[in-house]
Structures are given as structure tokens and as C-alpha cells.
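Work through these exercises with the sequence and the model side by side. Try each task before reading its solution.

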Amino acid sequence: GGLGSAFDDLELNRMVCQHHGVRIAGVVVNRVIPEKYEQTKEYMTKALQRWGVPLLGCIPDRPFLGCPALADVERVFRTRLLSGGAKHRMRHYSVHGGNLVTTSVSDFQENLHMKPSRTLYFCHVTRNDIIRAFLEEHKRRAELGEDFEAALLVCGRKDKYAMQDETRDLIAAFGDLEAPVLHVEFPTIEAIEKVS
């Protein structure tokens, strides 16, 4: 829908608020097509005037609007980033651009160069080779002064595949890079479905 559909949704919500005695302080219109920002703002301001409700703002649609941040992923899995938390926790990732790594290290390294910088990768907890390659790519890009926004979710069912101390030590050894790595104790496919 267009503006009429958005206004119909607002009318429905206004009626529910009115029924429950909730006063509407203002309206924020979300996911506005950037090319229609001014038109939307003007139309909605006029339309809301008849209710005596101000338009507080319009938020243009952006590529990552509506996509989960790593903080959201932490909440879903009740876990914390193993590294990169302070710097990358609020970074958003498109779940449609996620990449399940089941290939060789050389294919994964090639993939790291071809995929967009902000890609969310999933690998199994037993793939120390992939985890190392991911961390080394972060290091290489940092040394070149390049932005590299990829994140890695290391997955493995809790009762079957525990993260080994060797893997934790590997991630800790690259800790000053703050490469975003998250361990989730779920099977890989289930983890992908939960993030989607």
C-alpha cells in the first residue's frame, strides 16, 4: 500500500486508542520511500491535523531498517558476543544476505572477498579452520585500513557439540581486533531459522 493504506492503518489504531482512552501524543511514519519523503510528510501532516495529532517525523526506509542487530541475536539465543561486543553489538545484518559456510577454507576465503562487507556468516562449532580464516580476514582488512563489517555465528547443539577451549583460545588471541563472533548453542539450521 501507499499513503492511503498507511492512513487507514493509523485510523484503525486511533480507534483502538480512543476506545481504551489512550491519548495519542503524535505519529511517526516508518519506512518511507526516500523519493517520496517530502510528499509523505506533507500529506500525513495535513491528514493528521483533522485529529489534532502532530506528525512527529518520518523515517526513510534504509537497507538495514527492520534487520536484526547483533544485540537482537544475543537476546534471541540468550548469549553474548565472544568478541567485538562493544564495537559491533548495534550493527544490523540482513538475514537474507546470511551465508552458511559448508565449504573448504579456500572457497570461504574467496567468498569473503566477493560477498558484501556486511555479511552474517554461520558455521559449525567444529570448524576451527573457518573461524581462523574469518579472524585472519578481519586482521588483514584492519592492517589495510579497510572496513570489514562481517560477523560470524558459531553454531552447535549444546548437548552434542560444545565449544572447545582451543576454539575459545583462538578467538581470544584475536581479541584486540574486536571481530564480531557469537557462539550459539543450537544446530546451525535452527540458528539460521531463529535469526530469520
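**Exercise 1. Find which residues of helix H1 are buried, and say how they are arranged.**

Solution. Step 1: pick out the buried residues, where buried means under 20% relative accessible area and exposed over 50%, with partly exposed in between (1.4 Å probe, protein chains only). In H1 these are Phe7, Leu10 and Arg14. Step 2: look down the axis of H1. Its buried residues fall within an arc of 55 degrees, so they line one face of the helix. The arc is that of the directions from the helix axis to the C-beta atoms. Step 3: turn to the other side of H1. Asp8, Leu12 and His19 are exposed there. Step 4: see what covers the buried residues. The cover includes strand E1 (27-32) and helix H2 (37-49); contact means heavy atoms within 4.5 Å.

Helices (H or I, at least four residues) and strands (E, at least two) are DSSP runs, numbered from the N terminus. This is a predicted model: local features need pLDDT of at least 70, side-chain atom pairs count only at pLDDT 80 or more, and totals for chains, interfaces and linings use all residues. Residues are numbered from 1 along each chain as its sequence is written, and side-chain values use heavy atoms, with hydrogens and water left out.

**Exercise 2. Give the strand order of the open sheet of 5 strands, then find its edges.**

Solution. Step 1: the order is E3-E7-E6-E5-E4, with mixed pairing. Step 2: E3 and strand E4 (99-100) stand at the edges, each with a single partner strand, so one side of each is left without a neighbour in the sheet. Two strands pair if DSSP finds at least two bridges between them. Step 3: E3 and E7 pair in the antiparallel sense over 2 bridges. Ser83 has Val181 in E7 as its bridge partner.

**Exercise 3. Is Glu137 buried or exposed?**

Solution. Step 1: locate Glu137 in helix H6. Step 2: Glu137 has a relative accessible area of 7%, so it is buried. Step 3: Glu137 touches Leu112, His113 and Phe148, not counting residues up to four places away in sequence.
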